[in-house]
Amino acid sequence: MSITAKNVCKRFGAKLVLDNVTVEAPSGSLVALLGPSGSGKTTLLRIIAGLEVPDAGTVHYLDDDVTHHSARERNIGFVFQHYALFRHMTVFENVAFGLRVRHWPEAKVRQRVTELLHLVRMEEIGWKYPSQLSGGQRQRVALARALAVEPRVLLLDEPFGALDAKVRRELRRWLRRLHDEMGITTVFVTHDQEEALELADRIAITNAGRIEQIGTPEEVYEHPVSPFVYNFLGNVNLFHGRVQDGRLKVGDAEVAPAHDSGPDLQSGVVYVRPHDVDVAREDGDDAIAARVDHISFAGPFVQVQLTRGDSQEIIEAAITRERYRELGLKSGEPVYIRFRNARMFVEDYSI
């Protein structure tokens, strides 16, 4: 069951929340709507769900135009950030609620709920109440309840936003496995870049009511189409540069551009991710002199903060621990840096 929102516009009063937005979730895919607060991603999800009606544009489930159908007519599963479980009902009864509303036979209700509680690894605690569960357990119950009515599509609004970092990681892996087992078309909203990059098959990046870029996690991270996407998806170093003889010039250094960066003598801002900054002891034609200011060992990479010798700009590099041990870096030492992958945009930009 594919989902297509085409040329969708939505205003709340004078504020334009969605401006001619088009997004497609292919059948069986897991698509993330990723963007900062106020970018329109939750409104788009609610329009896909039938909880909001667009001012213009259409929503299709496969070949069916469902733009003016209610959420119930669309047969969706919707999971909210804060679970929205019924506190006076047990886990079992929470999952069974939607089935009872639809007047399923009791025997079929019990069979379906039992299957789902097993699927989400909650079969042993079906008798408990939401107040007796952890945040991760509550979210799994909410997901089981959404799946109970055999929805055509599954929609999730910041599903892990209320959980701590460790539980979020565990539930992300669990949800990905569950999605692969069931194959149900899923769209989820998040402002967490790591979550989208880890979970999604495709990512639609939203900004100020528009779609900046849609693609696979690799495409949007490795080949951003705009300064906004570069800034939003992870850390990035910004330098002023210009194009000369088909190469980028940053200070006295020449850099092979990652993309066509425009005509010669064009100036702009050069974007380089920390893992594309190589730190070395040797000078060279394409090297920039720098000084090591600070070294941090948090995470799988060693984070090195440096200061450029020519402009005193701060540079962040992420190098492997093996490379760090090979270089034997210490704070205050002079080094040289090179860029492996750089992209220039004409406009100056900050997020």
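This is a predicted model: local features need pLDDT of at least 70, side-chain atom pairs count only at pLDDT 80 or more; totals for chains, interfaces and linings use all residues.
Residues are numbered from 1 along each chain as its sequence is written, and side-chain values use heavy atoms, with hydrogens and water left out.

We begin with two helices, where helices (H or I, at least four residues) and strands (E, at least two) are DSSP runs numbered from the N terminus. Helix H3 (residues 91-101) packs against helix H4 (residues 106-119) at an angle of about 130 degrees, and their axes are 9 Å apart; the axes are lines fitted to C-alpha atoms, for helices over the stretch in contact, and angles run from 0 to 180 degrees between N-to-C directions. H3 is therefore oblique to H4, since angles under 35 degrees count as roughly parallel, over 145 as roughly antiparallel, 65 to 115 as roughly perpendicular and the rest as oblique. On the H3 side the contact (heavy atoms within 4.5 Å) includes Val91, Phe92 and Val95, and on the H4 side the residues include Glu106, Val109 and Arg110. By class, this contact of H3 with H4 has nine nonpolar, one polar and four charged residues, where Ala, Val, Leu, Ile, Met, Phe, Trp, Tyr, Cys and Pro count as nonpolar, Asp, Glu, Lys and Arg as charged, and the others, Gly among them, as polar.

On a 1 Å grid over the protein atoms alone, a cavity is a set of points where a 1.4 Å probe fits but cannot get out, whereas a pocket is an open set with protein on both sides within 12 Å along at least five of seven lines, and lining residues have an atom within 4 Å of a point. Grid points are joined across faces, edges and corners, and a volume is the space filled by probe spheres set on the points.

The whole structure holds four cavities of 30 Å³ or more, and the largest cavity has about 50 Å³ of space. Its lining includes Gln139, Arg140, Phe160 and Trp174, and the elements that give two or more residues to this lining are helix H5 (135-148) and helix H6 (165-182).

The largest pocket has about 480 Å³ of space, and of the 19 residues that line this pocket, Ile76, Gly77, Phe78, Arg102 and Val149 are the closest to its centre. Strand E6 gives the most to the lining of the largest pocket, with four residues.
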